[in-house]
Structure formats: structure tokens, C-alpha cells
Amino acid sequence: MQLTKYEEDMYNGEYGEGKAECMEILVSLGKIYDAQKMIPITSAQVSGVSYKTIGDAGLDFVVDLGKKADVTLETMLNPAGVDIENWKELGFSEEFTKKQIDIIKGYESIGVMSTCTCTPYLIGNTPLLNEHVAWSESSAVCYVNSVIGARTNREGGPSALLAAIVGRTPYYGNHIPENRLAHMIFDVNYDFTNEAQIGALGYYVGQIVNDKNPYFKLNNNPGRNNLKLLGAALASSGAVSIYHAEDITPEANIVNKDESFDELEKIDIDADIINDTIDNLSTTDKTPDLVCLGCPHASITEIQKVAELVKGKNLNKDLWICTSKAIKSIAKQCGYLDIIESAGGKIVSDTCMVVAPVEDLDYEIIGVNSAKAANYVPNMCKLDVVYDTCENLIKKITE
Ligand code: F3S
């Protein structure tokens, strides 16, 4: 691999042992993928934060690394295993919370911002078109590649962190324009009216394409919130890291000019496919005892919608809306937090229904409007799931 003088000096330890170790690992990783060079990045997003998923080994890794090096650019964390401001009220254990705080402090000590969200692009970590970044949360990877048009591979938590320390990542995969071309065309003859439908599309297509790049022809633009849900679903049933939607996402009308485009396999999607997929994503038709929205973490407009739906009502089951601390604070300023809390709901920050140990609480059935959450909750939390729209789920738990 061709390294610049600065990169070679980092590799040889001129900038300290920590950076040298990071470079050594990243160069080895690049060689596996036949990368010819490293590329500077402008931001990082690091998964592997919840104590539920990384345990003590992950905590030790962060603490050890912290003794040797700091991050050098804007770096945010994925959701943690608990809302550290409201853990007691939500029913999480003190022991788990302490471990989680240690992990976050470990990251903080090396310069990582301690905000924990899978939607960093909603709170200021928003790259520009064609910018190279190293992100690891799969839904955020899909969003930043597809909707924003920045460039990242689907990094692991450690490789994103190492890249944040040296400011470089190996140049392969989605960083190279040819690898961003479409591989399969999906002609979707369906007028989307809600988020459950668009999530079902992503879940169905992810299973077909696995890690290939789907290109969608949609009847209507589903909007940013729904594109977030589409990418999350694609990345959870498959390993999609970039998709294109004609006349909607920034690179669609570039990739469809490529000479290979007309030769691509075309698949039609109709209402039966969407409706069957919606039905199959629920594991029960009983009423949920917790409705959990915000996967990926909710935007302020999604929270506004929930506030409108619950205003003046009394919820008879628990309602969580997962989001970042930053969006929660905007929701407070806008008065949405008060409305939601008055109805009996909660805005839960910096964690989510999948990476928190929800299985240790007294819930059996979780209602979700995210196909990604519907896919993961039965496996990761061993709970039943009801997949429906935000509106219908709230109706189910409203007196
Ligand atoms: Fe985010 Fe958790 Fe969903 S990390 S994408 S809210 S599973």
C-alpha cells in the first residue's frame, strides 16, 4: 500500500505508540481488501458502546486504547445500553448502568463526544456530498452513503475508532465511485402512505440483495424520516450499505447513466409483497405492553407527530420514544416532551429498545414501527413484537 510521508511516520511511531498501532491494524485491514492507499476522513461514528453487546472485554479495549491515543476528528458514539439520566425510572439496574458509564467515560477520555446516537446526521455530524468518513452503525452508514452521498464502508466499531485516531481509512469499497453503482433495479408500483410500508420494502429487498446496491424506482418521495427507516431495514435483513432512489437520492441520476445500468436485473414490487411483509414482521397480534418508537433514533418531526397523537390522552401501556439527548432537549423546548409525559409516555435518550437490556424488564410484547427493530427484538431481546404504524400502535395503547 502506498502511504504518504505523514502516514508512514505515524506507522513508524513518530507520532506515538497508539497511532502506530492503529496504523498497523488499518494497513493490514486495507491489504485484505486490496486497498492501494489510505484516504483522509472528516468524521467517525463508533458502534460497540452498549455494555449489553461489548461486555467487559469491550470496556477493557477502550480503557487500554485511551492510555495510548486520542481521536483527532469529530467522533460520535452509537446508542448506549441505558439512558444514563433516567435509568432508575426506566427500571434498569445500577450495576449495568455503572458499567455503561465507565464505557462512555472511557470513550470521552480519548476525545469522543459522549452523545450516543445512531442518527448523528440529525445533530450536527452531517458530512457533505462525496466526503469520506468512517461510520459503523449500519443504519447510519446506509443513510450517509445513500441520502447524503458521503462515503463510508460499513465499519466495525474498532476500525471506525482507529480511523478516528489517525484520521485515515483504507481506500476500498464504498470510497471508490465504481463500487457505488447499482446492482439491481426495484420497480415499486406502490403509493407509500406510512412508515410501516416503506420499512417493509427495505426488509423485503434487503433479503434479496444482501450486500449489493439496490436502485429503487418509487411512485412518490417518502421523505427523509422514511428514507432513514428504509436504509435501516435494508441494512438489517441484508448487509446493504448504499441504495439509490431515482430522482430522490443524490447519486441515483449519476449511477443510472452508467452503461451497465440497462443490463441490470429488474424486479417488480407490488402491494401484495409489501402487505405480506408487514404481516410477517409481527410475531403476535396481541396488544403490546410497551410501544417503542425511534429506531433509528427519532427526529424532531417524528417526535412532534407523536406529541400530536397523544395530546390530551391517557396511555394505558408504556410508550418510549428513543432519540439522542440533543433531540430530546429540542423536544423539551418545543413543548413536545411535556405533552408526551403528560400522556404517560417517555422520551428515552441515548439508548434504544435493541441495545438496552429490555429483556430484564417486565415486558413481553413490544410494539415497533421500525422493520429493523421488528427484525432484531425477537432475537436480541427474546420478546414478541408487533409491527405497525406509529399511529396504529398509539391507538392500541390509548384509552
Ligand atoms: Fe438505532 Fe437501536 Fe435501531 S441503534 S437503528 S435505534 S436498533
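Start at Gly344, the residue that follows helix H14, where phi is positive, near 105°. Keep in mind that this is a predicted model.

Now back one step, to the helix itself. H14 covers residues 336-343, and its buried residues are Tyr336, Leu337, Ile340 and Ala343. They lie on the same side of H14, because the arc they cover around the axis is only 135°. On the face turned away from that buried side are Asp338 and Ser342, both exposed. What lies over the buried residues? The cover includes two helices, H12 (300-310) and H13 (325-334), and two strands, E11 (318-323) and E12 (346-349).

Next, Asp83. Asp83 sits in the loop that runs between strand E3 (74-77) and helix H4 (87-90). Asp83 is buried, and no salt bridge goes with it. Which side chain of opposite charge is nearest? That is Lys328, at 4.6 Å, and the cut-off for a salt bridge is 4 Å. What the Asp83 side chain does reach is the backbone nitrogen of Ser349, at 2.9 Å. Beyond its neighbours within four places in sequence, Asp83 is in contact with Leu90, Ile347, Val348, Ser349 and Thr351.

Last, the nonpolar cores. The largest has 101 residues, and those touching the most other members are Tyr107, Phe186, Val188, Leu201, Phe216, Trp320 and Met353. Take Leu201: leaving out residues up to four places away in sequence, Leu201 touches Val188, Phe192, Phe216, Leu218, Leu230, Ile269 and Ile274. Another core, of 24 residues, lies apart from the largest one, and its members include Leu315, Ile321, Ile394 and Ile397.

Key: Residues are numbered from 1 along each chain as its sequence is written. This is a predicted model: local features need pLDDT of at least 70, side-chain atom pairs count only at pLDDT 80 or more; totals for chains, interfaces and linings use all residues. Side-chain values use heavy atoms; hydrogens and water are left out. Helices (H or I, at least four residues) and strands (E, at least two) are DSSP runs, numbered from the N terminus. Buried means under 20% relative accessible area, exposed over 50%, partly exposed in between (1.4 Å probe, protein chains only). Lys and Arg count as positive and Asp and Glu as negative; His and the chain ends are not counted. A polar contact is a pair of N or O atoms within 3.5 Å; within protein, one must be able to donate a hydrogen and the other to accept it, and residues adjacent in sequence count only if both atoms are side-chain atoms. Contact means heavy atoms within 4.5 Å. The arc is that of the directions from the helix axis to the C-beta atoms. A nonpolar core is a set of buried Ala, Val, Leu, Ile, Met, Phe, Trp, Tyr and Cys residues joined through side-chain atoms within 4.5 Å.
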